[in-house]
Amino acid sequence: MQLDLRHFAARRGIVLVSLAAVLWGTVGIATQAVYHQSELNAITVGFYRLAFAFPIVAIICWKVVGKEIFKIHKPHYLTMAAIGAMLAIYQVCYFAAVGYIGVAFATLITLCTAPVVVSLASVVFLREPLTRASVKALIFALAGTTLLVGFPEDSTAINNLFLGVSLSLGSAVGYAIVAMLGRSIATHCHPIHSTTVSFGVGALFLFPMAASNCLSAQYTGEIMSLLLYIGLVPTAVAYSLFFLGMRNVKASTASILTMIEPLTATILAWFIFDERLALSGISGALLLLLAIVVLYRGERSQS
């Protein structure tokens, strides 16, 4: 009976983290629509993403956790604050990297190196075993993401390669820290609690950099609707699902599962903007799906 419950918990964790990654994959489409209709920059969109999500998750947190939020040890609050700061930092690094080497290459480096960092660091700091299934899934995911995203051909991107790669690696490390910190406190507090504190800290962290653009931009009803969507669905809902799933999924497994994000974004771009996949992109998508299958079977065997 206990093994069945662990089996169910592991599968549910994979489903929740995967669903979070699918929702994250819609951010690019919504953000691209914002860019086309306004003068908002990436930093400002990142600020609104956390700022609009914060009151929503705060209300949910009070309803779910109640007065228990005051019974958490101070070190755990510091961990939540650190998650919030790293949420902001890895977004800023990624947005800056896009300006130097483009979306494709920045996404490739960030998403491919993040699970490597998590897998190696979680073995050292979280004492999580690096299983054979994780290694296989990691190889499939890295190869799949490489084929799916591709490489830059623009000369400007090549000239700015060093700085762009450094910023992308910084973004990957930031995400890796978020994944490991989220895992470390997953059993000490409710996921919606850590999500609320993290979003609040992250929004405060980004506000000084976004304030000027926030005040100078012009807003329409459609732009505000897109910003609210970004704050509610792929942020408030998705991160809550992510941290909830982290209770029963290893940090290294979760980092690989989040590679569903670029797959989702590519499929949506195909249907909405008619950006069709080349043969290499289709091969990459299939490898990403194969990585998910390998992880699922690995978690099932461990349970």
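Colleague: Start with Phe205. Leaving aside neighbours within four places in sequence, which residues is Phe205 in contact with?
Modeller: Phe205 touches Ala88 and Ile89, once those sequence neighbours are set aside. Keep in mind that this is a predicted model.

Colleague: How many residues apart in sequence are Phe205 and Ile89?
Modeller: Phe205 and Ile89 are 116 residues apart in sequence. In space, their C-alpha atoms are 8.5 Å apart.

Colleague: And where does Phe205 lie?
Modeller: In helix α8, which covers residues 191-216.

Colleague: Is Phe205 buried, partly exposed or exposed?
Modeller: Phe205 is partly exposed. Its relative accessible area is 38%. Buried would need under 20%, and exposed over 50%.

Colleague: New topic: aromatics. How many aromatic pairs does the structure hold?
Modeller: Five aromatic pairs. One of them joins Phe47 and Tyr48, and that pair is tilted. Their centres are 5.4 Å apart, with 50 degrees between the planes.

Colleague: Are Phe47 and Tyr48 buried or exposed?
Modeller: Both are buried.

Colleague: Which aromatic cluster do they belong to?
Modeller: Phe47 and Tyr48 form one aromatic cluster with Phe52, Phe207 and Tyr219.

Colleague: What about Tyr90 and Tyr175? How do they pair?
Modeller: Edge-to-face. The ring centres are 5.9 Å apart, and the planes make 85 degrees. This pair links distant parts of the chain. Tyr90 sits in helix α4 (residues 74-125), and Tyr175 sits in helix α7 (residues 161-184). The two are 85 residues apart.

Colleague: Buried or exposed, those two tyrosines?
Modeller: Tyr90 is buried, and Tyr175 is too.

Colleague: Let's switch to helix packing. At what angle do α2 and α9 pack?
Modeller: About 160 degrees, with the axes 10 Å apart. Helix α2 spans residues 27-37, and helix α9 spans residues 221-245.

Colleague: Why are they called roughly antiparallel?
Modeller: Because the angle is about 160 degrees, and angles over 145 count as roughly antiparallel. So α2 and α9 are roughly antiparallel to each other.

Colleague: Is the crossing left-handed or right-handed?
Modeller: Left-handed, as α2 passes α9.

Colleague: Which residues meet there?
Modeller: From α2, they include Val27, Ala30 and Val34. Among those in α9 are Glu222, Leu226 and Ile230.

Colleague: How do the residues of that contact divide?
Modeller: Ten are nonpolar, two are polar and one is charged.

Definitions and conventions. Residues are numbered from 1 along each chain as its sequence is written. This is a predicted model: local features need pLDDT of at least 70, side-chain atom pairs count only at pLDDT 80 or more; totals for chains, interfaces and linings use all residues. Side-chain values use heavy atoms; hydrogens and water are left out. Rings of Phe, Tyr and Trp (its six-membered ring) pair if their centres lie within 6.5 Å; planes under 30 degrees apart count as stacked, over 60 as edge-to-face and the rest as tilted. Buried means under 20% relative accessible area, exposed over 50%, partly exposed in between (1.4 Å probe, protein chains only). Helices (H or I, at least four residues) and strands (E, at least two) are DSSP runs, numbered from the N terminus. Axes are lines fitted to C-alpha atoms, for helices over the stretch in contact, and angles run from 0 to 180 degrees between N-to-C directions. Angles under 35 degrees count as roughly parallel, over 145 as roughly antiparallel, 65 to 115 as roughly perpendicular and the rest as oblique. A crossing is left-handed if the near helix is turned anticlockwise from the far one by less than a right angle, and right-handed if clockwise. Contact means heavy atoms within 4.5 Å. Ala, Val, Leu, Ile, Met, Phe, Trp, Tyr, Cys and Pro count as nonpolar, Asp, Glu, Lys and Arg as charged, and the others, Gly among them, as polar.
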